Amino acid sequence: MIDQVKQKINDLLSNGSVKGVVALVHTNGNVAPCLYQKGDDLDKLCLGDTDSAGDARYPLNKVLVTLSRQYPDEVFGVLVRGCDERGLYGLYRLNQLDPERVVPIGIACPQSLALQCECKKPWPDDMMAGETSEGIDQKGVANAESNSHSERFSYWKGQFLKCVKCYGCRDICPMCFCRECSLECEDLVSKGDLPVEIPVFHLVRAMHMADRCIDCGLCDEACPADIPLRLLYKKTAQIMNTEFGFTSGIKKYEKSPLSLMGPAPEK
Amino acid sequence: MIVLSQMLDFCGIEKERLRARWVSSAEAPEFVEEINDFVDILKKLGPSPLGKEQVEAVA
Ligand code: SF4
Ligand code: SF4
């Protein structure tokens, strides 16, 4: 699998169709994001595991957004999995990336990882390497809802109280790109106070993720307090789906119902 | 609104605590009725379980 990807990156770089490729590198015992340019050594290229899409993941799209803000006229390649591709669709829709200037290199995730991530679609539409694994059924929201109202209350209150307000969830999220963040607006979130105001802090983020979250799970992985953030956003996604028939990142160019004013457009 | 009220419910907070209604400045009676109605509901629900004292007691 990795050889196919190397070949592809090599081709893209040597024929000059991209300025660089955002992917992962395995160096000094760690996996990190890396921008490969013409002439760079692809030996240490990594897909998250030695030769396949492993569990070392990074929000590469986020790196890409930063890059394309700096170099708006250049074309970049980017390594994408199923979740990253959903992210790309979202970022196109929200005008953060120009599809004409992005060359996705799609890889599928192995079944074991799909299971671990509880991933609905562990492969990108536009895939060049790997075998598609099966999507995993999502049970989290239904499980949480089988508890009573007061159980849910104490559960979430306990979870939110653990928050240390590190902003890790926002910083890792590939769909968080605003230059000014509501969570830093002092009228909503007072600076330097703990515990955070419940449920304002977490629900503000959840509301902003309602039509964006692509269910990649990076926030869950990043949270030092182990708060099941993704479950919260899964619920917003479920509401968006039942109320408006919308799922973030599934269709390219689909507009979000939350970005429309007035009556819903004819389907 | 639709999303937020369901999220409150998901987190175990009474969704009746959230309410929005457009009232024109020319509709004083509607405004009074709305507020009275909301106050009645809130009285029934009692103080928020997330008031400062309650949260600090656990923290
Ligand atoms: S799962 Fe978390 S990190 Fe991923 S898009 Fe959703 S909110 Fe952002
Ligand atoms: S990552 Fe976790 S602890 Fe940090 S701000 Fe987000 S919810 Fe709070």
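Buried residues account for 48% of the 267 residues in chain A. Keep in mind that this is a predicted model.

Let's start with the overall build of chain A. It has ten helices and five strands, and its C-alpha atoms fill a box of roughly 60 × 45 × 40 Å along the principal axes. The radius of gyration is 19 Å, which agrees with the value near 18 Å that a compact globule of 267 residues would have. Of the contacts in chain A between residues at least 6 apart in sequence, 65% join residues at least 24 apart.

On to the salt bridges. Across all chains, a search of the whole structure turns up 17 of them. Here are some, including the one between the chains:

| A:Asp211 | A:Arg93 | 4.0 Å |

Take the A:Asp211 and A:Arg93 salt bridge. A:Asp211 sits in the loop between H8 and helix H9 (218-222) of chain A, while A:Arg93 belongs to helix H3 (residues 82-93), 118 residues apart. Both A:Asp211 and A:Arg93 are buried.

A:Glu118 is in the loop between helix H4 (111-117) and H5 of chain A and A:Lys234 is in helix H10, so the pair ties together parts 116 residues apart in sequence. A:Glu118 is partly exposed, at 22% relative accessible area, whereas A:Lys234 is buried, at 11%.

A:Asp215 lies in the loop between H8 and H9 of chain A and A:Arg230 in helix H10, 15 residues apart. A:Asp215 and A:Arg230 are both buried. Through shared partners, salt bridges join A:Glu118, A:Asp215, A:Arg230 and A:Lys234 into one network.

Now for the interface. Here 25 residues of chain A are in contact with 18 residues of chain B. The buried area between the two chains is about 1,900 Å², with carbon and sulfur atoms giving 80% of that.

Which elements of chain A give two or more residues to the side that touches chain B? They are helix H5 (140-145), helix H6 (149-161), helix H8 (200-209) and helix H10 (229-244). H10(A) gives the most, with eight residues. By type, this side of chain A divides into 18 nonpolar, two polar and five charged residues.

How values were computed. Residues numbered from 1 in each chain as written. Chains lettered and ligands numbered in written order. Predicted model: local features only at pLDDT ≥ 70, side-chain atom pairs only at ≥ 80, totals over all residues. Heavy atoms only, no water. Contact = heavy atoms within 4.5 Å. Buried area = accessible area lost by both parts, 1.4 Å probe. Helix = DSSP H or I, 4+ residues; strand = E, 2+ residues; numbered from the N terminus. Nonpolar A, V, L, I, M, F, W, Y, C, P; charged D, E, K, R; others polar. Rg over C-alpha atoms; globule rule 2.2 N^0.38 Å. Buried < 20%, exposed > 50% of the residue type's maximum accessible area, 1.4 Å probe, protein only. Salt bridge = Lys/Arg side-chain N within 4 Å of Asp/Glu carboxyl O.
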